[in-house]
Amino acid sequence: MTQAEALSILKTGANVFLTGEPGSGKTHTVNAFITWLRSCGIEPSVTAATGIAATHVSGMTLHSWSGIGIQDALSPADIDRIASHESVARRITKAKLLIIDEISMLSASTFEAADAVCREVRRDTRPFGGLTLILVGDFFQLPPVSRGADAAFAFTSETWRALNPITCYLTEQYRQDDDVFLSVLSAIREGCVEELQYEVLMRRQVTDGPPADAPRLFSHNADVDRLNAEALAALPGASRKFLMRSSGKETLVEALKRGCLSPEVLEVKEGARAMFTKNSPQGKFVNGTLGTVVGFAPGSALPIVETSTGRTVEAEPMEWQIEENGKVRATVTQVPLRLAYAMTVHKSQGLSMDAAVIDLSRAFEYGQGYVALSRVRRLDGLHLLGMNQRALEVHPQIREQDFSFRQASETAAETFAALPRAELEGLQKQFVKAFGGAWPKEGFATPASKGRIRMDGGLPGRLAETLQTVRDTKDLKEAARARGLAVSTILRHLEELNELGQLARADFEHLFTDRRGLHEIREAFRQEPGDTLSPVFHALGGKYSFETIRLARLLRS
C-alpha cells in the first residue's frame with residue numbers, strides 16, 4: 001500500500017493499524033494525517049509508547065496521557081482512582097481521536113490498562129470508550145517495554161481484537177535504495193537469512209579500524225556513555241556546556257527531557273563529532289545529520305558545525321514540545337546536537353544515517369540487530385564490529401503474524417480502490433462532520449493520488465492559524481498570547497511559512513514597529529556573510545534581542 005492510499009483510508013475515521021518496514025514512511029504518513037486533521041479543525045490526541053517516539057510526533061507517552069503511569073496492570077480500585085483524576089478525566093473526555101506511535105513497544109497489558117481507564121472515564125463500554133484509534137508501528141522492531149519477562153504484544157490483546165483495526169501496510173521504501181542491502185534486511189525480517197546474506201554482512205565487518213567520522217551503535221548504555229566520555233576527553237582544549245531550558249508542567253517537562261535526543265547538559269569541544277537531533281525548518285540539516293564542531297560563534301558562543309557534506313551551520317537552540325488540544329503544554333529548548341561517537345540502538349529508532357559503526361556482539365533482544373542495521377541507508381555505509389546470532393533474529397510470533405497483516409492490508413487496499421471516488425470522499429466528509437470539523441478547501445493529497453504524500457500545495461492547520469493570528473495582532477507578544485505559544489514558536493512558524501513560500505511581507509511587516517532598528521539590523525546583515533544570527537547580534541553589541549533579529553531576517557528574505 002502506498003502512503004497516499006493509506007492516508008485516504010485514515011481520512012475515513014476508521015480504526016487503523018499503520019505499519020511497514022523501516023524507511024517506508026510511517027511517521028511521514030501519520031504526520032500528514034495530523035496536519036490534515038488540524039486543517040479540518042479536528043485536534044487529535046497524539047501519544048507514543050516511549051518518550052523518544054513521543055518527541056517525534058510532539059506528543060506525550062500513552063502512560064502519561066491515560067494516567068496509568070508505570071503500571072501495566074490495573075485493579076478496579078486503580079481504574080477508579082485514575083478516572084477520578086481531574087486533568088486525566090478532562091483530557092480523555094475531550095478526546096476524539098487517539099494516535100499511539102511505536103505500538104510495537106507497548107505490551108498487551110498496558111494497552112488494555114489504558115483502554116480500561118478510557119472506558120471508565122467516558123462511561124462507554126466500546127474499546128477506548130468509543131475513541132477512534134490510529135496505531136502506528138512495526139512489530140519487527142524492538143519488543144514491548146515491560147518490567148516483567150516476555151510481555152505479550154498489543155495485537156494479542158482482547159482490546160485489539162475488539163477494535164478490529166484496518167491494516168495499512170506501507171510497502172514502498174524511502175530510506176534504502178541499495179538492492180543488495182534491502183535483500184539482506186528482507187531476509188532478516190522473513191527469518192530466512194542464508195549463507196549468501198550472511199556473507200554480505202560479514203564483508204562489512206571492520207578489519208582495519210572503524211572510520212572515525214561515523215557514529216557507533218551499541219546495545220548497552222554503558223558502552224555508549226564510556227565511548228562518548230573518552231572521545232571528548234581526548235580532544236584538546238576546554239569544553240563548553242549548554243544547559244537545556246524548559247517551561248510547562250513539571251511531569252510533562254520531565255517526559256520531554258527523557259525523550260529528547262539532545263542531552264540536558266550538552267558538552268562539546270572544537271573538533272567533537274556531533275549529530276543533529278532535529279530537522280531544520282530551513283532544510284539546513286535533518287535528524288541524524290553528522291558533522292564536526294569547528295568553532296563557536298562570537299557573541300552567542302553557539303557551536304558551529306561543519307556537516308559531512310561540507311556545509312557550515314550555526315547550531316541555534318530549538319524547541320521540543322508537547323501539544324494537547326492545539327496548545328503547547330510543555331517545552332524544552334536546547335542546542336539540537338548530541339555527541340556522535342556512540343548511541344544505543346534503542347535511541348537510534350527513527351533515524352536515517354549515511355554511515356554507522358555497529359556492534360551487535362552483545363545483542364540481547366529480538367529485533368535489535370534489525371533496527372540497528374536498518375538505520376543505515378546503504379550497505380557501503382555499514383561497518384560491523386561484531387555480531388552474535390540474536391542480532392539476526394526477529395520474534396517468531398511476529399513472522400507468523402506478518403503474513404496476516406500483509407493479507408489484511410491487500411484486502412483493504414482492494415476494497416477502498418473499488419469504491420467510487422465520490423463515495424470515498426463522502427465517507428471522509430461524514431467523518432469530518434461527525435467530529436465537528438470543516439472540510440478543507442485544497443492542498444492535500446487526494447485519494448486518487450499515488451506514491452509519496454505531497455503537502456506543498458496547502459498549509460498545515462497550526463501554520464494557517466498562526467498566519468491568521470499574526471495578521472490580526474499588532475506585535476509578536478500579542479500573537480503569542482493569542483495562540484497560547486511562545487514568541488520563539490511564532491517565529492518558527494513564520495520561518496516555516498516563508499520556506500513554503502506562503503509568507504508575504506504584508507502578512508507580518510506591521511509587527512516590526514521600530515523602523516530605524518529594522519534598517520540598522522538589515523545593514524548589519526549586509527555586512528556579515530550568510531544569514532546566521534550570532535554575527536549580527538554581536539556586531540550590534542547586543543542592542544536587539546535574537547527574536548527581533550529573527551523577525552528582521554524574515555523581512556529581508
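Residues are numbered from 1 along each chain as its sequence is written, and side-chain values use heavy atoms, with hydrogens and water left out. Because the model is predicted, local features need pLDDT of at least 70 and side-chain atom pairs count only at pLDDT 80 or more, while totals for chains, interfaces and linings use all residues.

**Overall make-up**

The chain holds 23 helices and 20 strands, taken as DSSP runs numbered from the N terminus (helices H or I, at least four residues; strands E, at least two). Of its 557 residues, 54% are buried, where buried stands for under 20% relative accessible area, exposed for over 50% and partly exposed for the range in between, with a 1.4 Å probe and protein chains only. Among contacts (heavy atoms within 4.5 Å) with a separation of 6 or more, 72% join residues 24 or more positions apart.

**Nonpolar cores**

A nonpolar core is a set of buried Ala, Val, Leu, Ile, Met, Phe, Trp, Tyr and Cys residues joined through side-chain atoms within 4.5 Å. The largest has 76 residues, of which Ile103, Phe111, Trp160 and Ile358 touch the most other members; helix α7 (residues 108-122) supplies the largest share of this core, six residues. A second, separate core of 28 residues includes Met1, Leu97, Ile134 and Val136. Once neighbours within four places in sequence are set aside, the contacts of isoleucine 358 include Leu217, Ala372, Val376, His383 and Gly386.

**Accessibility of selected residues**

| Residue | Relative accessibility | Class |
|---|---|---|
| Cysteine 40 | 3% | buried |
| Cysteine 118 | 0% | buried |
| Alanine 417 | 64% | exposed |

Zero disulfides, defined as pairs of cysteine sulfur atoms within 2.5 Å, are found in a search of the whole structure.

**A helix pair**

Helix α21 (residues 515-527) and helix α23 (residues 546-555) pack at an angle of about 75°, with their axes 10 Å apart. The two are therefore roughly perpendicular to each other, a class that covers angles of 65 to 115 degrees. From α21 the contact is made by Leu518, Ile521 and Phe525, and from α23 by Thr548, Ile549, Ala552, Arg553 and Leu555.

Key: Axes are lines fitted to C-alpha atoms, for helices over the stretch in contact, and angles run from 0 to 180 degrees between N-to-C directions. Angles under 35 degrees count as roughly parallel, over 145 as roughly antiparallel, 65 to 115 as roughly perpendicular and the rest as oblique.
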